[in-house]
Amino acid sequence: MFILSVLSDSHVRILPENLAKPREEAISDAIEDIYVDKVFPNLGLMISLYELVHFEGGTIYQLDGAATFTVTFKMVVFRPFVGEILTGKLIKSDSKGLQLSLGFFNDVYVPEHALQDPSTFDEIEKLWVWKIDDNEAFMDMGEEVRFRVAGLTFPPEPMASQVGALGDSENESANKNANACGEAKLGSISRPFAPMLLQGDINSDGLGCLSWWQ
Amino acid sequence: MTVAVVEQQAGLLTNAEVYAVLEQRGANPNVPPCPPRTRDPAPCEVAVWEALRATPAARQTRQDIKEFFTDLQPLGLTKAEKMMLLNDPPTTPVHAHVVIEDCEERLSGEGLADKILEAVEKHFGEVLNTEEDVG
């Protein structure tokens, strides 16, 4: 699930108020403020600063009170590999498929074509059901689901024109600016923008609800 | 561009290693950070720590892990497969088959899954059985 990545930033600024701190601490703090809990495009979700490898500089540029460093550092990154088998909790079910949560990461989606075959969506219970050997196995909310990582995507940030304007009330924005599919604007509360998406697949023996295979 | 990825994957980290790193950063409310830090751990560090606390990773010792890998050595598994077996040790054949591709054909099909389950039971049997007791 996790990898170690080495990054380099040539523009790490230590603000004047932090110049009294020991250098390593000031630089670590600055890096953490910028990178931790952010998704680095095409890399993954940065969880924690592992270590500072090297830093140099400390140049003070004209009209700037901050000292600028070039820093090379290692980060712990959440980046599952395609084909990895993980377990998540079912947090949402709709006709399009499932949404699972890993606890610290919720953008795991299993589209309806990747569910166990044959599965149907029960409109009354609003749950997916797998018909196996004349039994109906419901996928209940909160169930632990084992899945295979089918894909990892990093959608580009939506452009300003695609996002609801600040100040629009949530409903106004969603209704008046809904796109052709009737979906709310990307970036609104009902359809938040996810910079990193995991696509899962549960159409194999051993995958799906843990309770099915015990 | 001021930021560059120097090395996308300098290494794979097992959940146990990440758990240990986060604990050192102070994510465990009962264990002070080492080396001492002036700042609190970030919310996402705490969130990942809490998610991992509920998994076997939180109780796997370095010794267990080393011995587990030694036992898996002759089985010809890939690095990725060994990682998955460590992060989520299988206790049923069906689980082992899902993690190891073409389980039947490997090691001339002679109970590869059984050997894996045996190694899991030997090194992590206790760890897996005490999972309910998350303190």
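This is a predicted model: local features need pLDDT of at least 70, side-chain atom pairs count only at pLDDT 80 or more; totals for chains, interfaces and linings use all residues.
Local features were considered only at pLDDT of at least 70 and side-chain atom pairs only at pLDDT 80 or more, whereas totals for chains, interfaces and linings use all residues. Residues are numbered from 1 along each chain as its sequence is written, chains are lettered from A in the order in which they are written, and side-chain values rest on heavy atoms, with hydrogens and water left out.

Helices (DSSP runs of H or I, at least four residues) and strands (runs of E, at least two) are numbered from the N terminus. Helix H1 of chain A, residues 23–35, has 13 residues and reaches 18 Å from its first C-alpha to its last, close to the 18 Å expected at 1.5 Å a residue, where the expected span is 1.5 Å times one less than the number of residues. Among the residues of H1(A) that are buried are Ala26(A), Ile27(A), Ala30(A), Ile31(A) and Tyr35(A); buried denotes under 20% relative accessible area, exposed over 50%, and partly exposed in between, with a 1.4 Å probe and protein chains only. The buried residues of H1(A) pack against S1, S2 (39–40), S3 and S4 (67–78) of chain A, together with strand S1 (3–13) of chain B, contact being defined as heavy atoms within 4.5 Å. H1(A) is followed by Asp37(A), whose phi is positive, near 65°.

In helix H2 of chain B, residues 43–53, the buried residues are Cys44(B), Glu45(B), Val48(B), Trp49(B), Ala51(B) and Leu52(B). Viewed down the axis of H2(B), these buried residues fall within an arc of 165°, so they line one face of the helix; the arc is that of the directions from the helix axis to the C-beta atoms. Their cover includes strands S1 (2–14) and S3 (44–60) of chain A, along with helix H1 (15–24) of chain B.

Over all chains, the structure holds 12 aromatic pairs, that is, rings of Phe, Tyr and Trp (its six-membered ring) with centres within 6.5 Å, counted as stacked with planes under 30 degrees apart, edge-to-face over 60 and tilted for the rest. The rings of Phe121(A) and Trp128(A) have centres 5.3 Å apart and planes at 50°, so this pair is tilted, and both residues are buried. Ring pairs also link Phe2(A), Phe78(A), Phe104(A) and Phe105(A) into a cluster.

Zero disulfides were found over all chains, a disulfide being a pair of cysteine sulfur atoms within 2.5 Å. Cys209(A) is buried at 0% relative accessible area, and Cys44(B) is buried at 6%.
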